[in-house]
Amino acid sequence: MRDHFPDPPVRPGDADRLTAEPAVWTGRATNRVQWLLAVAGAACLALGIELAVLGDWTSGVIALSMSVVGCVAAGLLMLYGTLPFVHVAVRVDSQAVEIRCGHIGLPRRRIPLAHVVHAEVDPRVTPRQWGGWGYRWRPEQGTAIVVRRGEGIVVTLGDGRTFTVTVDDAEAAVRAIRDRLALHPGTPATA
């Protein structure tokens, strides 16, 4: 279910900014290496299925069943861990910053602009600093979606938590967030 809110009223002087900038900013980041891992997961899954169908179940049932379960489990885990993080899409509109992963958009995170206090560019987000690719949480750093090494945005929320996401043209994303924060009365805009 999507939340639908009317756009906030336009203050005098904001009309020029609204006409110069699109109503919605979108960006994405892609990691082609994840496809290789997904292919490896599909191969493990296919091997498990082949063992189950073509295996000799008359001798060594325990060993064969363990092989089938192991291959299927490894394949599913690799597919589940890689396909959602092949790419990430970021959308900034007048109400929220929305992050969707993979081709079906899951996992998804929607951060209302009313909860955003500050947005900045991090020029060097790496999987190493977050413990790998994917949806990550570290107590000292906050939450992140990392699909590749490179630039990203860091959004600081009102409760002090941060959310980091890798995205191409992070400067434009931060500029779009800051412009929208400036349009919302009562929400602090950061320079």
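Visitor: Where is Leu37 found?
Guide: Leu37 sits in helix H2, residues 33-54. Bear in mind that this is a predicted model.

Visitor: Is Leu37 buried, partly exposed or exposed?
Guide: Leu37 counts as partly exposed, since its relative accessibility is 33% and that class runs between 20% and 50%.

Visitor: Which residues make the nonpolar surface patch?
Guide: Val33, Leu36, Leu37 and Trp133 make it, and the patch covers about 350 Å².

Visitor: OK, switching to the inside. How many residues are in the largest nonpolar core?
Guide: That core has 28 residues, and Ile99, Ile145, Ile153 and Ile177 have the most contacts inside it. Elements giving two or more residues to it include strands S1 (25-30), S2 (87-92) and S8 (150-157), as well as helix H5 (170-183).

Visitor: Which element gives the most to this core?
Guide: H5 does, with 7 residues.

Visitor: And what does Ile177 touch?
Guide: Leaving out residues up to four places away in sequence, Ile177 touches Val92, Val97, Leu113, Val116, Ala119, Ile153 and Val155.

Visitor: What about aromatics, how many pairs does the structure hold?
Guide: There is 1 aromatic pair. The rings of Tyr135 and Phe163 have centres 6.4 Å apart and planes at 65°, so the pair is edge-to-face, the class for angles over 60 degrees.

Visitor: Where do Tyr135 and Phe163 sit in the chain?
Guide: Tyr135 is in strand S6 (residues 134-138) and Phe163 is in strand S9, so to speak a link between distant parts of the chain, 28 residues apart.

Visitor: Which of them is buried, and which is partly exposed?
Guide: Phe163 is buried at 1% relative accessible area, whereas Tyr135 is partly exposed at 35%.

Definitions and conventions:
Residues are numbered from 1 along each chain as its sequence is written. This is a predicted model: local features need pLDDT of at least 70, side-chain atom pairs count only at pLDDT 80 or more; totals for chains, interfaces and linings use all residues. Side-chain values use heavy atoms; hydrogens and water are left out. A nonpolar core is a set of buried Ala, Val, Leu, Ile, Met, Phe, Trp, Tyr and Cys residues joined through side-chain atoms within 4.5 Å. Buried means under 20% relative accessible area, exposed over 50%, partly exposed in between (1.4 Å probe, protein chains only). Helices (H or I, at least four residues) and strands (E, at least two) are DSSP runs, numbered from the N terminus. Contact means heavy atoms within 4.5 Å. Rings of Phe, Tyr and Trp (its six-membered ring) pair if their centres lie within 6.5 Å; planes under 30 degrees apart count as stacked, over 60 as edge-to-face and the rest as tilted. Patches are made of residues with over 30% relative accessible area and no salt bridge: like charges are joined within 9 Å, nonpolar side chains (Val, Leu, Ile, Met, Phe, Trp, Tyr) within 5 Å. Accessible areas come from the Shrake-Rupley method with a 1.4 Å probe; for residues, only the protein chains shown count as cover. A salt bridge is a side-chain nitrogen of Lys or Arg within 4 Å of a carboxyl oxygen of Asp or Glu.
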